[in-house]
Amino acid sequence: MTMQRKVGERRQKTSHRLARHLLTILTGTLVGLGLTTTAALADLRLCNKTDSTVSVALGYKGKEGWRSEGWWNIEGGKCGPLLTGALGSRYYYIYAVDSRRGGEWSGKAFMCTRRKMFTIQGIEDCVARGYERTGFFEIDTAEQRSWTIHLYQPTKEGN
């Protein structure tokens, strides 16, 4: 084997090692960026601290006015997102019901709901528009980008 050929093979091996090394660095960087992006995501989550599934409705004031949405079914002991992305409002409103045990979490902020899945614009004249008028309780997120609501067993029916 000639000297020139040996030098060429060494360069090629060095070049392959360098390419693998750069690929490893690039892959690590991309994974790191992916983790950073995931950690930066914000959302409104609800953690169900009871031992049974609850159905949750959400109300909030968006760009187009008041809106209520439902239903999210969140199993006992689990958490789930109600909204994804950075929060756009300070106040959110929740109504939840435990169909199996009959308890509910409600409040004095009335919004429109219905028994099936829904997205309803506006909170006025619920019954006249064919919806139910339901009391939601207020969540103050203090203008945070993300928030988690913890729903505990109600102390009595209607709490």
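1. A handy term to start with: a residue is buried when its relative accessible area is under 20%, exposed when over 50%, and partly exposed in between (1.4 Å probe, protein chains only). By that rule, Y95 and F136 are both buried.

2. A word on the source: this is a predicted model, where local features need pLDDT of at least 70, side-chain atom pairs count only at pLDDT 80 or more, and totals for chains, interfaces and linings use all residues. Residues are numbered from 1 along each chain as its sequence is written, and side-chain values use heavy atoms, with hydrogens and water left out.

3. Now to the interior. A nonpolar core here is a set of buried Ala, Val, Leu, Ile, Met, Phe, Trp, Tyr and Cys residues joined through side-chain atoms within 4.5 Å. The largest one has 18 residues, and those touching the most other members are L44, L46, V56, L58, L82, Y92 and I94. Two or more residues each come from β1 (43-48), β2 (54-62), β4 (79-84), β5 (91-97), β9 (132-140) and β10 (147-151); strands are DSSP runs (E, at least two residues), numbered from the N terminus. With four residues, β2 gives the largest share. A second, separate core of 10 residues includes A57, Y95, F118 and I120.

4. Do look at I94. Leaving aside neighbours within four places in sequence, its contacts (heavy atoms within 4.5 Å) include L46, L82, W105, F137 and I149.

5. Next, the rings. Phe, Tyr and Trp rings (for Trp, the six-membered one) pair if their centres lie within 6.5 Å; planes under 30 degrees apart are stacked, over 60 edge-to-face, and the rest tilted. The count comes to five aromatic pairs. Y60 and Y92 make a tilted one, at 5.8 Å centre to centre and 45° between the planes. This pair joins strand β2 to strand β5, 32 residues apart. Y95 and F136 are also tilted, at 6.1 Å and 50°; Y95 is in strand β5 and F136 in strand β9, so parts 41 residues apart in sequence are tied together. Ring pairs also link W71, Y95, F118 and F136 into a cluster.

6. Finally, the charges. Five salt bridges (a side-chain nitrogen of Lys or Arg within 4 Å of a carboxyl oxygen of Asp or Glu) are present in the structure. One joins D140 and R90 at 2.7 Å, N to O; D140 lies in strand β9 and R90 in the loop between β4 and β5, so this pair ties together parts 50 residues apart in sequence. D140 is partly exposed at 32%, and R90 is partly exposed at 34%.
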